Amino acid sequence: MIRIENLTKRYGKKYALNGISFEVSKGEIVGFLGPNGAGKSTTMNILTGYQSFTDGSVTVAGLDILDYPNQAKQNIGYLPEQPPLYLDMTVTEYLNFVYELKGCTLNRRKHIAEILQVVKLTDVRGRLIGNLSKGYRQRVGIGQALIGNPKVIILDEPTVGLDPRQVVEIRNLIRTLGLDHTVILSTHILSEVQAVCDRVIIINKGRIAADRRTEEIAAAVSGNRRLSVKICGPVKEVIASLRMLPGVLSAESIGNLDADSNSYVIESDNGIDIRKPLFRMLAANNWPMIGSEMAGANLEDVFLSLTEKIPDTRPSKKQRVNLLNDSR
């Protein structure tokens, strides 16, 4: 669905991207990670057609972004970090506006009704966007990205600023989108990648540092003992009880994958096996545990380890002075 080959973006002698290559298949949800200045935003801007590049190629649904820019862009729905919303429009008015702006040819009434249902905005379709909560505004932003039923959805920091309940709702929505679309999720929230992404691409200093399945990359670096569990029970009470177990360093919910259970990641001190006390605590509270597996290293640790391994190939200050003198 997406193919990037030897993509390079150079500003003078500085490389924002230095020959990166990767592919994203149909139906994949891919997390695209990178520290500030890594080249993540540059890649997203090139992929969506907002920015040119120095060398390489980018194809979307088999269409080269340079040879067929308009056709390629029709296959992309984009939610920037700051959604381009008109606060004095109602939700329906805004989606109709985007429909016309994109030149969509699908049945207008049916198409917009389907989008409202998918992003769960049907009940607020007549309200002004300016009167909606940030979570609902994010849904409107995702809704505009779905206009035209593009094959690729690109989401840039979709949960920034949302409360925990809204975060879970948006994550569940992203999983739903992954059933019919290819999704690229650009984010700094690493637990979000663990919760919703099939695959992780980490970029650093303009180069790919890692490209693996989520479960594989989480086990790439040794660290504290981490346990992933599915528990049926009230989320707040479960988290509070998990954090009280001896040896537990942290416990957090990563969303509800099933109708009646939530997934949690528990991190404990090295050398401490919390499985037996965990079982006893859950049994005492009558909270069934329906799944359990070792989660490997913390993705934050993996991220830091992998990005620190990429050497900085930029010339030193002394070398830059010598280059400047040589050019004279």
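## The largest pocket

By class, 14 nonpolar, eight polar and two charged residues line the largest pocket (Ala, Val, Leu, Ile, Met, Phe, Trp, Tyr, Cys and Pro count as nonpolar, Asp, Glu, Lys and Arg as charged, and the others, Gly among them, as polar). Its volume is about 700 Å³. Of the 24 lining residues, Lys73, Gln74, Ile76, Lys102 and Ile147 are the closest to the centre. A pocket here is an open set of points on a 1 Å grid over the protein atoms alone, where a 1.4 Å probe fits, with protein on both sides within 12 Å along at least five of seven lines; lining residues have an atom within 4 Å of a point. Points are joined across faces, edges and corners, and the volume is the space filled by probe spheres set on them.

Helix H2 (69–73), strand S6 (76–79) and H3 each give the lining at least two residues, and H3 has the largest share, with four. Helices (H or I, at least four residues) and strands (E, at least two) are DSSP runs, numbered from the N terminus.

## How to read the model

This is a predicted model, in which local features need pLDDT of at least 70 and side-chain atom pairs count only at pLDDT 80 or more, while totals for chains, interfaces and linings use all residues. Residues are numbered from 1 along each chain as its sequence is written, and side-chain values use heavy atoms, with hydrogens and water left out.

## H3 and its two partners

Now to the helix packing. H3 (residues 91–101) packs on helix H4 (residues 108–118) at about 125°, with the axes 11 Å apart (axes are lines fitted to C-alpha atoms, for helices over the stretch in contact, and angles run from 0 to 180 degrees between N-to-C directions). That makes H3 oblique to H4; under 35 degrees counts as roughly parallel, over 145 as roughly antiparallel, 65 to 115 as roughly perpendicular and the rest as oblique.

With helix H5 (residues 134–146), H3 makes an angle of about 30°, the axes being 9 Å apart, so these two are roughly parallel. Val91, Tyr94, Leu95 and Val98 of H3 touch Val140, Gly143 and Gln144 of H5 (contact means heavy atoms within 4.5 Å). This contact has five nonpolar, two polar and no charged residues.

## H5 against H6

H5 also packs with helix H6 (residues 164–177): their axes come within 10 Å and cross at roughly 15°. That makes H5 roughly parallel to H6. Gly135, Gln138, Arg139, Ile142 and Leu146 in H5 meet Gln166, Glu169, Ile170, Leu173 and Leu177 in H6, a contact of five nonpolar, three polar and two charged residues.
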